[in-house]
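These are my notebook entries on a single structure.

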Amino acid sequence: MPHLMKKYLPIPIIIAVTFVVYFGALSSGFFRDDFPQITENKWLTSASYIPVIFTSPPWGYYEGDFVQGASNYYRPMLHLVNMAIYAFAEKEPFGYHLVNVFLHILNAVMVFLSASVVLGSYSGRSEYGAGADRGAFPIFPLAAGLMFALNPVNVEAVTWVAAVMELFFTFLSLLSFYLYARASRARTGVTLLYAFSVFFYAVGLLSKETAIFLPFLIVVYDYAQERLSLKSVVRYMPYAIATGAFLLVRSRISGPLNVEHDMSPFQYVLSVAAIAGKYIGKLVFPFDLKLYYAFRPTESISGLFNHEVLLALLLASLVLYSLVRFRDRRIALCVFWILVPLSPAILLIKYIQGEWVFASRYLYMPSAWFAILIALLLREFFGAGRASRGPSGSLMKAVPVVIVLPLLVFYSVDTVAAIKTWKDELSYWKKAVEDAPKSATAHGSLGVAYAEAGRYAEAVKEYERALALAPDSGGLYMNIGVIYYNLREFDSALPMLRKALELTKNESVRTNLLFSLGKVYYQKGMFAEAAESLEAAAARGSSDDL
């Protein structure tokens, strides 16, 4: 019994600490995609939509202008999870944030369990190495779980409701891996553990496409465990079948990738290197995080010389040194689990919408295995093979605690502070403008937040700042025109709406602009122009935006 208490005591510790740190996230509101995905999503209102959810693109329910063109991904579990939350929370943010925090806690526990497997705590040896006390407290897996749980880089994924699939697919992937690892070591119940591993992998595929890398990473795990052989192919076949079925369905439903950023091959290579360095650098040092990173293609090699790339090179050097010194394949396993799930966010930068090329939420799954990697390195340097008795052994065991405890304190303080910026749209976009003062998107979005709060003068100022950065944005002119209309300043509204119509290409938006112009003409007594605009709008089928 004392051994079991030591073995599982970290779990309630992780749960309690994570909940306390993320308690402030429960009072956050909705942001960005949350509105069309939840408050305007009719699919969440009835289980009768489930067949439609599985046979339609993810934005198939949406009739507004927020999304244009075909979606290039297929994630039906997004709607099923939100449907389950909608059943008790409806359109109140609290329920959705509660689920996100709950999933993050589950993931922290799964990181602890996965680290225990990787480090050997739940196998026939102790995490402290041969000859050590097998009942020793699992300090290194606990450190991994807490480092992941409190890492500031994960605030976006946990606090933004729309990022729920980052949390959900990570949970399913970690659970699938853990069950596979336990099945490979179990004496009884192997078939059941293995079957559940395949099942959770299949559900993970329906949650986020990045789960598709799990079978490859399981192969790497078998290699690290020195159990890879031709017979292993039989174990991998069910994962391959699930993958093939998913790709077939996805190809029939999702749309193609559309290039968002046109860049030369040289710019692409440099940009990939810069983005990769930024991601790894943020894992190593997650204390200078921003809500918004305005992307511009890297033009020259000098653009790679920054502290984030240097931190990435420092980590790479440490990993290479550790591989040479310890010859431990598990180090390579952790590196693969960090880089492979992150690779789509790096290699597909040409296809990521607008300026949202870099986002810390893409580090959620990699940060789990980064925490396990750090715990493994600490174990190698200060735990495994070290003397466990006497003053010298005790001192060596104390070193990881001295390293990790201050780090966890810094993590917690920074995470709590970052959560506060996610209180509402206004606080979010104020911080985003501070982070990216030259981003038209950030200024324009802050303008929208001010307008929704009824602070029209401040909204106009932000729209004008955005126009200075993006003078050809019809949407900005339209937003200013709408504000002037609401203020009944029709002389100011008219030129804004005219300019918006001139610049706007989207036919649906043009239709709404014609209707809006007709109303402004009418208010100004320009009845002929009003009739012409309203008739044109009616012929297209308009909606009232003003």
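**Entry 1: the second largest pocket**

I began with the lining of the second largest pocket, which by class holds 11 nonpolar, 4 polar and 7 charged residues. I counted Ala, Val, Leu, Ile, Met, Phe, Trp, Tyr, Cys and Pro as nonpolar, Asp, Glu, Lys and Arg as charged, and the others, Gly among them, as polar.

I note the basis of the work: this is a predicted model, in which local features need pLDDT of at least 70 and side-chain atom pairs count only at pLDDT 80 or more, while totals for chains, interfaces and linings use all residues. Residues are numbered from 1 along each chain as its sequence is written, and side-chain values use heavy atoms, with hydrogens and water left out.

Which residues lie nearest the centre of the second largest pocket? I found Lys278, Tyr293, Ala294, Phe295 and Arg296 there, out of 22 lining residues. The space in this pocket is about 460 Å³. On a 1 Å grid over the protein atoms alone, I took a pocket as an open set of points with protein on both sides within 12 Å along at least five of seven lines, a cavity as a set where a 1.4 Å probe fits but cannot get out, and lining residues as those with an atom within 4 Å of a point. Grid points are joined across faces, edges and corners, and a volume is the space filled by probe spheres set on the points.

I recorded α13 (265-284) and α14 (307-326) as each supplying at least two residues of this pocket's lining. The largest share, 4 residues, comes from α13. Helices here are DSSP runs (H or I, at least four residues), numbered from the N terminus.

**Entry 2: cavities**

The largest cavity has a volume of about 50 Å³. I listed its lining as Glu156, Lys290, Leu291, Tyr292, Tyr293, Trp356, Phe358, Ala359, Ser360 and Arg361. These divide into 6 nonpolar, 1 polar and 3 charged residues.

The second largest cavity holds about 40 Å³ of space. I found it lined by Phe169, Ser173, Thr210, Ala211, Phe213, Leu214, Leu217, Trp337, Pro341 and Met365. Two or more of the lining residues come from each of α9 (164-185), α11 (214-224) and α15 (329-347). The division is 8 nonpolar and 2 polar, with no charged residues.

**Entry 3: helix packing**

I turned next to α11 and α15, which pack at an angle of about 170° with their axes 9 Å apart. Axes are lines fitted to C-alpha atoms, for helices over the stretch in contact, and angles run from 0 to 180 degrees between N-to-C directions. The two helices are therefore roughly antiparallel to each other, a term for angles over 145 degrees; under 35 counts as roughly parallel, 65 to 115 as roughly perpendicular and the rest as oblique. In contact (heavy atoms within 4.5 Å), Leu214, Phe216, Leu217, Val220, Tyr221, Tyr223 and Ala224 in α11 meet Arg329, Arg330, Leu333, Phe336, Trp337, Val340 and Pro341 in α15. I counted 12 nonpolar, no polar and 2 charged residues in this contact.

For α9 and α16 (residues 364-382), I read an angle of about 40° and axes 9 Å apart. This pair is therefore oblique. Glu166, Leu167, Phe169, Thr170, Ser173, Leu174 and Phe177 in α9 meet Tyr364, Met365 and Trp369 in α16. By class, the contact has 7 nonpolar, 2 polar and 1 charged residues.

The axes of α18 (residues 425-435) and α19 (residues 440-452) come within 9 Å and cross at roughly 155°. Among the residues in contact are Trp429 in α18 and Tyr450 in α19.

**Entry 4: positive phi**

Where is Glu90 found? I placed Glu90 in the loop between α5 (76-89) and α6 (93-119). Its phi is near 50°, a positive value in a residue other than glycine. Arg488 has phi near 60°, likewise positive in a residue other than glycine, and I located Arg488 in the loop between α21 (474-486) and α22 (490-503).
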